[in-house]
Amino acid sequence: REGKTVVSEHPSKAPTGTPTLHSLIEEVSRTVWSKNKQPGEPRKLVHRYMKTKLSWPISDFSRIGARDFLQKVGEENGPYASNRLRTVLIKAWREAQVVYDYGDNPWQLTEKFDEASRTRRLSEAEVGLTLKVLDKWKPRPLVADIFLVLLWTGARKSNVFQMCKDELDFSSGFWTIPAAKAKMGSEIQI
């Protein structure tokens, strides 16, 4: 879904050589986020919602301005968009503070939106239909098996794709996802 760009006027552009939001995001994208699974995602997020603020000097972002901006993004694009943008900006500022000494991170001091818990589950009819389709997928049995593991375990697809034989205990019927592979950093038994 394409987000609405939140428009805000700013009286001046950064003088030449002054770090701007654009230069900060480009540097962090090149050095830090390039190691992410989806390296372009944080950069796209900032460009989507902050297009009009890219030329602003980093020093022009205040706690109140950051809070008001994220509030507006949340109202126009939903809490998930605002919270994701907030997380990206907090991380970008943290990385940049190593190079630029410009005070507190204005995004760190903002509060997250409450998000509704995502508990969507397949209905019995949807499970039945999925099983029928997978049963007919004879030419691609490995793909069908992957879908079955995803369906029956509810595991993240990254964990399923990284599954190793030594994580499986066939005698007890458990799959143990090591803490290093788990999103929350703690071991998971399925």
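Residues are numbered from 1 along each chain as its sequence is written, and side-chain values use heavy atoms, with hydrogens and water left out. Because the model is predicted, local features need pLDDT of at least 70 and side-chain atom pairs count only at pLDDT 80 or more, while totals for chains, interfaces and linings use all residues.

The protein contains seven helices and three strands, where helices (H or I, at least four residues) and strands (E, at least two) are DSSP runs numbered from the N terminus. Along the sequence these elements follow the pattern α-α-α-α-α-α-α-β-β-β. Among contacts (heavy atoms within 4.5 Å) between residues at least 6 apart in sequence, 56% join residues at least 24 apart.

Of the 190 residues, 28% count as buried, a term that means under 20% relative accessible area, as against exposed at over 50% and partly exposed in between, with a 1.4 Å probe and protein chains only. The protein exposes about 13,000 Å², of which carbon and sulfur atoms supply 54%; such areas come from the Shrake-Rupley method with a 1.4 Å probe, and for residues only the protein chains shown count as cover.

Helix α6, residues 141-153, has 13 residues and reaches 18 Å from its first C-alpha to its last, close to the expected 18 Å, which is 1.5 Å times one less than the number of residues. Just after α6, Gly-154 takes a positive phi of about 75°.

Trp-56 lies in the loop between α2 (41-49) and α3 (63-77), and Trp-56 counts as buried because its relative accessibility is 10%. Although Trp-56 and Thr-18 are 38 residues apart along the chain, their C-alpha atoms are separated by 9.3 Å.
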